[in-house]
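I set out to record what can be looked up in this structure, one topic at a time. The entries follow in the order in which I made them.

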Amino acid sequence: MTPIQLEHTTALLAGMLTFKQPADAVLSAYFREHKKLGRQDRHEIAETAFAALRHYQKIAAVLRRPHAQSRKAALAALVLGRSANIGKIQNLLDEEETKFLRHLKAHKAEFSDSLHTAAELPEWLITQLHTHFSDEEILTFGRSVNQPAPLDIRVNTLKNKRSKVLAVLQAEGPAAEATLFSPWGIRLKNKIPLNKHRLFIDGSVEVQDEGSQLLALLVGAKRGETVVDFCAGAGGKTLAIGAQMANKGRIYAFDIAEKRLANLKPRMTRAGLTNINPERISSEHDSRLARLNGKADRVLVDVPCSGLGTLRRNPDLKYRQSPETVSELLKQQYSILSSAAKLVKPKGRLVYATCSILPEENEHQVERFLAQHAGFELLDSSELLAAAKVDLNTGKYLRMDTAAHQTDSFFAAVLQRK
């Protein structure tokens, strides 16, 4: 790291470590303000900033109010997260900073004595997880999500075949391999500027985690059906479902955020999909939804959640959530699920999904829903995946686990109206 790169990392972390905004939004805004930074500069700054997020518990253990001492936080991230040798970065350090880093390294072994520093999880989350998991399970989870995620892509079967895309990528050099579970997925171990690649530009591939691709498989949409993606966001799963349907039938992509839906429209065009109808709704109670009551063959409800299954990509989330925000999310999730259920026709399918590991957001919500909606029954996710020739059995519910499956952690339950 150069002195200039360290200056920029210091300035970036001063804003990022307050956790008032998503880290990726802070990073994007900073780079927009500093357009002259080159590609290598941006890489070094971003990697070090995210290393600080991933090792924040250790940094906070030795540094009071890290955002107010963001230069030291950046230096600590270089040592803890990027394995920098103190002697090799001596040109960046003054005497006091050298002393600080030596103190940090001297106490490194002590970090394993405390679960929150060993697992890199805040106290509130460890308390919440202790309700359901042992110390060993919490440590395994924390360590699994504290590694950078690979880049997963989904091949758009309307435009190309996975075998052909894989051959192209492997010939070009990046370490690419077929995903273990998703029949459409490819994993790139080294991140590349995919948005400039011809396969991305022509709509052959989209960025999508393998776990997310499996949610589309559980929806099981067929040609000519009416499908609703109730919380569509920017539409990654919507696009996967559209390809499943071979561009036949109708998909309603609902969301409360106009900006997210606006991002979906160019992706639809690039993917060659014309069967998607993006529509902004005011809430899950929007009166315009009534026109679809009892008419949808499939409804996907990927609800707003704590996002704790995506900490590899969003390590700051655990500091922007709290017991209070989770409690509010639980109310919102159940309200959305109950409203979305009204759209499902008899024998139709309702898929409830989160990217959380908390049973409160997952199994408990489904059990409560089934207890209060006798017209629905639970289908076995493992049987549905087996029918789709996916060799994955996590029981009646889909539970993707980062440590076990090397994907983001996803939960899904498939319900059917009787």
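**Entry 1: a backbone angle at an exposed residue**

I began with Lys347, which is exposed, with a relative accessible area of 65%. By the definition I used, exposed means over 50% relative accessible area, buried means under 20%, and partly exposed lies in between (1.4 Å probe, protein chains only). I placed Lys347 in strand E9 (residues 344-354). Helices (H or I, at least four residues) and strands (E, at least two) are DSSP runs, numbered from the N terminus. The phi of Lys347 is near 70 degrees, a positive value in a residue other than glycine. I noted for context that most residues other than glycine have a negative phi.

**Entry 2: basis of the values**

I am working with a predicted model, in which local features need pLDDT of at least 70 and side-chain atom pairs count only at pLDDT 80 or more, while totals for chains, interfaces and linings use all residues. Residues are numbered from 1 along each chain as its sequence is written, and side-chain values use heavy atoms, with hydrogens and water left out.

**Entry 3: a backbone angle at a buried residue**

I then turned to Glu120, whose phi is near 55 degrees, again a positive value in a residue other than glycine. Glu120 lies in the loop between H7 and H8. Is Glu120 buried or exposed? At 0% relative accessibility, Glu120 counts as buried.

**Entry 4: helices H8 and H9**

I listed the buried residues of H8 as Trp124, Leu125, Ile126, Gln128 and Leu129. Their cover includes H7, H9, helix H15 (317-320) and helix H16 (323-341). In helix H9 (residues 135-144), I found Ile138, Leu139, Phe141, Gly142 and Ser144 buried. These buried residues of H9 pack against helix H7 (115-118), helix H8 (123-130) and helix H19 (402-405). Contact here means heavy atoms within 4.5 Å.

**Entry 5: salt bridges**

I counted a salt bridge where a side-chain nitrogen of Lys or Arg is within 4 Å of a carboxyl oxygen of Asp or Glu. By this rule the count comes to 24 salt bridges.

Asp152 and Arg187 meet through their side chains in one of them, at 2.7 Å from N to O. Asp152 lies in strand E1 (residues 151-155) and Arg187 in strand E3 (residues 185-188), so the pair ties together parts that are 35 residues apart in sequence. Both Asp152 and Arg187 are buried.

Which other residue did I find in a salt bridge with Arg187? The side chain of Glu210 meets that of Arg187 at 3.5 Å, N to O. This pair links distant parts of the chain, with Glu210 in helix H12 (residues 210-219) and Arg187 in strand E3, 23 residues apart. Glu210 counts as buried at 1% relative accessibility, and Arg187 counts as buried at 11%.

Glu225 forms a salt bridge with Arg298, and their closest N and O atoms are 2.9 Å apart. I located Glu225 in the loop between H12 and strand E5 (226-229) and Arg298 in strand E8 (residues 296-302), a link between distant parts of the chain, 73 residues apart. Glu225 and Arg298 are both buried. I also noted that salt bridges with shared partners join Asp209, Arg312, Arg313 and Asp408 into one network.

**Entry 6: the two domains**

The domain assignment gives domain 1 (3-113) and domain 2 (210-417); such bounds come from an automatic or database domain assignment. The domain centres, taken over C-alpha atoms, are separated by 36 Å. I found 10 residues from domain 1 and 7 residues from domain 2 in the contact.

How much area is buried between domain 1 and domain 2? The value is about 740 Å², of which carbon and sulfur atoms give 60%. Buried area is the accessible area (1.4 Å probe) that two parts lose on being put together, summed over both. Within domain 1, Phe19, Leu53 and Arg54 lose the most area to domain 2, together 53% of what that side buries.

Between domain 1 and domain 2 I recorded 0 salt bridges. On the side of domain 1 that touches domain 2, the elements giving two or more residues are helix H2 (23-33), helix H3 (39-54) and helix H4 (56-62). H3 supplies the largest share of that side, 3 residues.
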